[in-house]
Amino acid sequence: MADFDWNSPKYDLDRDDLHTKVNELGQIPEFEPDSKGSIRCIVLPLRDQVIFPHMVAPLPIGRQSTIESIKKAGESGNIMIAVPQLDPRLEIIDMIDLNSFGVSIAVSDVIFEDVRKPFVLVQGRKRVNIINFETENGLIYADAQVIEEEDSISPAEDAGIRKLISLFETFTELDPTVSDDILMYVKDNYNPGWLADMVANVANFQYRDTLALLLETDAEKRLDMVSRFLSREIEIIRVNKNIDDQVQTEYNRSHRENYLREQMRAIQRELGEDDPWTQDLKGIYKQIKLAKLPEDIEAIAMKELERLYQIPQMAPEVGVIRTFLDWILDLPWHTKTEDDLDVNKAAEILDKNHYGLAKAKDRILEYIAVKSLKPENKRQPILCFVGPPGTGKTTLGRSIAEALGRKFMRQSLGGVRDESEMRGHRRTYIGALPGRIIQTMKRAEVINPLFVLDEIDKLGVGYRGDPAAALLEVLDPELNDTFSDHYLEVPYDLSNVMFITTANSQADIPWALLDRMEVVEFPGYIEEDKIQIAKKFLIKKQIDESGLEENEISFSEQAIREIISKYTYEAGVRNLDREIGRACRKVARLKAEGKKYPRKLSPVHVERYLGPASFNDSQIEKEAEVGVATGVAWTENGGDIMPIEVVLIEGKGNLQITGQIGDVMQESAHAGMTFMRSRAKELGLEDLNFEEIDVHIHVPEGAVPKDGPSAGITITAALISAFTKRKIKHDLGMTGEITLRGKILPVGGIRNKILAAHRAGVKTILMPEKNKKDLVDIPKKALADLEIITVTHMDQVLELIFVDELKQKAMQVKTKKSKDKNFIQPGV
């Protein structure tokens with residue numbers, strides 16, 4: 001009976017009365033088993049509770065049917081069989097909901113009234129195996145086989161008893177709820193089965209473990225199971241105790257620190273001094289006043305400072321508020337640099353650092369001139385430099401900052417996919433910070449830097465928002481004087497900042513952003529431009545970086561041309577700079593090894609140092625052919641010529657286009673085919689059955705994607721050449737979009753196309769009439785070397801592109817006659 005807590009506060013019972021009832025339980029006789037060793041008793045279903053043999057325990061009653069069963073059992077000797085339910089959650093049960101094992105129990109004949117539930121006292125007697133269940137008058141009866149335990153103790157059981165007693169002693173040391181009386185009772189009990197059941201009852205194992213113990217009839221195995229379960233409980237208690245000790249230690253330390261701080265404050269108040277925390281807050285107050293923040297910003301800062309005064313120093317909000325105030329105080333609100341508005345000086349700086357780029361330089365000088373005439377004008381231009389890589393967009397921004405005397409700040413936008421990168425995170429997030437715009441302004445330390453937003457066409461859209469949308473406010477002169485960052489949540493004036501954005505492709509810039517910016521195009525450099533840039537900038541830089549002296553090495557113009565034409569293929573000069581650097585390093589190595597090296601590099605030296613040519617210049621066809629026309633195309637590296645081939649074969653009227661052609665270019669081919677068929681009579685093709693001819697159009701360099709409408713007249717010309725068997729001039733290039741009626745529409749990239757045709761040896765170029773305005777950007781040398789003809793209709797093109805057969809034959813005869821003095825012209 002040592003397992004029952006006599007002093008439990010939840011049972012409002014008289015102690016003497018309780019002793020009497022427990023003694024009465026012990027005097028209730030067992031049911032005598034029949035000849036087969038079985039008994040028949042009323043069943044007492046148990047939920048979430050297990051009664052072990054020899055144990056006395058209060059049993060809460062939650063069902064009226066249980067009360068009826070107990071009263072009925074009182075009429076027949078107060079002996080019942082306690083059987084655990086299969087599912088403890090069931091309120092209403094049947095025979096199939098009970099386990100096949102249980103314990104015979106003695107039940108008190110008085111039901112005690114507890115404040116929560118009525119209960120009875122029960123005493124476990126013996127384990128039983130249920131043979132079968134029966135229902136009689138609404139009560140469940142069970143026929144059960146009584147399991148008798150042996151009194152003898154084997155050596156293994158003796159060892160198990162000693163081990164379990166030792167573990168239980170450890171358990172009682174860790175669990176203060178187990179009384180010394182229970183420990184003494186356990187030590188005095190040397191019955192293996194009874195001991196195992198007693199410890200299991202006291203230790204309160206998990207429900208599934210107690211069921212397993214009740215089911216196990218072998219005393220030795222039960223001892224081993226209880227030892228294992230008890231060892232686990234001991235480990236759990238130790239872990240919980242360690243956690244409690246750590247929490248208590250931390251609490252004591254925090255409490256001690258707070259107590260000492262209060263004492264320190266009291267002592268400092270007596271001495272007329274401030275504690276470090278108060279001194280820190282006073283320092284922040286002085287910084288806010290000295291910063292001369294805008295009135296609304298100062299009010300917000302003072303409000304946050306008041307919060308710091310009111311909350312404990314160790315509160316989590318302290319770090320958040322303190323970081324916010326640091327950002328407010330570190331940002332520039334009034335500090336600015338004075339603009340240098342000397343137009344001539346600015347022009348000199350721009351020309352010194354950059355070759356060409358006349359449009360971009362003119363726009364900057366115009367801004368400086370307007371600013372010098374009207375300094376109070378705060379409106380800043382927002383420029384977008386668009387051009388191929390390596391054309392000097394970012395470096396020109398640095399030169400503009402130098403010319404204006406402003407700080408240069410740069411932020412790369414390539415790969416940014418999160419709106420918070422621009423606007424920051426709200427302060428509710430752990431580790432939140434302002435966005436890149438505010439961070440850059442903090443580094444600038446002035447309110448009017450020159451801010452370059454690089455690679456604006458490389459912004460991405462992710463599931464966290466569109467960063468381009470966040471830039472709409474930044475790049476709008478009407479809105480950026482009240483830019484709001486999610487972290488600061490106060491308006492910040494960006495109207496004094498001069499923003500310059502850069503991009504490689506105007507088509508990839510969101511239209512809403514593009515509408516807010518003034519686009520300045522950076523066309524690719526022609527060969528003459530690259531030669532001048534190499535002479536004035538690149539060679540000097542690479543000689544210095546290679547450890548050579550300027551008077552030790554030079555490049556001939558032919559060597560520079562060799563590098564440009566055979567080792568680079570670009571609109572800019574980035575790769576040209578690298579190749580010049582490679583050549584300089586070869587010479588530097590020869591010098592370092594004490595070997596002889598050339599003082600002036602020629603094309604021979606270039607090939608020796610740089611190896612075989614990496615690129616071959618695109619050249620026009622050597623002679624005119626049927627079905628071949630030369631187009632000129634714009635590329636990211638500037639421009640190039642694009643031969644288009646047409647071959648006719650017997651078939652079923654199919655049109656095949658190859659060469660990795662885009663949808664727009666395929667549509668141009670179909671438009672050209674339709675135009676030709678509509679002019680079949682004028683072209684002498686009225687007797688031709690187009691349904692029996694397959695047409696194959698191919699654009700060489702199939703690995704390179706191609707698209708756009710500007711090849712329309714070239715494809716049409718090649719088709720007509722193939723069908724009429726007339727040759728197209730090999731030194732003639734063309735560009736223009738064609739309609740079904742043969743009209744020629746304007747296209748883009750004229751400057752790059754004409755320069756590419758000039759490099760390739762084209763003599764005549766046909767282009768749309770409406771593109772005539774674009775010729776102002778063409779270098780004079782290219783215009784002088786080329787015959788440029790503007791056209792409005794395909795009929796004009798057809799009059800100009802074909803080889804005059806009679807003239808060609810006469811030229812061939814004249815050429816042969818000059819080579820053979822004995823040649824006699826036929827008919828003479």
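**View 1. The buried side of helix α12 in this predicted model.** Tucked away here are A360, K361, R363, I364, L365, Y367, I368 and K371 of α12, where buried means under 20% relative accessible area, exposed over 50% and partly exposed in between (1.4 Å probe, protein chains only). Their cover includes α11 (343–353), β8, α13 (393–404), β13 and β14 (518–521), with contact meaning heavy atoms within 4.5 Å. Helices (H or I, at least four residues) and strands (E, at least two) are DSSP runs, numbered from the N terminus.

**View 2. Helix α12 from end to end.**

**View 3. The largest nonpolar core.** A nonpolar core is a set of buried Ala, Val, Leu, Ile, Met, Phe, Trp, Tyr and Cys residues joined through side-chain atoms within 4.5 Å. Elements giving it two or more residues include α8 (276–291), β10 (450–454) and β13 (498–503), while α10 gives the most, with 7.

**View 4. L475 and T501 in contact.** Leaving out residues up to four places away in sequence, L475 touches I382, L453, I456, F499, T501, L513, R516 and M517. T501 sits in strand β13 and is buried, at 0% relative accessible area. Among its own contacts are L383, C384 and F385.

Residues are numbered from 1 along each chain as its sequence is written. Local features need pLDDT of at least 70, side-chain atom pairs count only at pLDDT 80 or more, totals for chains, interfaces and linings use all residues, and side-chain values use heavy atoms, leaving out hydrogens and water.

Terms used:
The expected span of a helix is 1.5 Å times one less than its number of residues.
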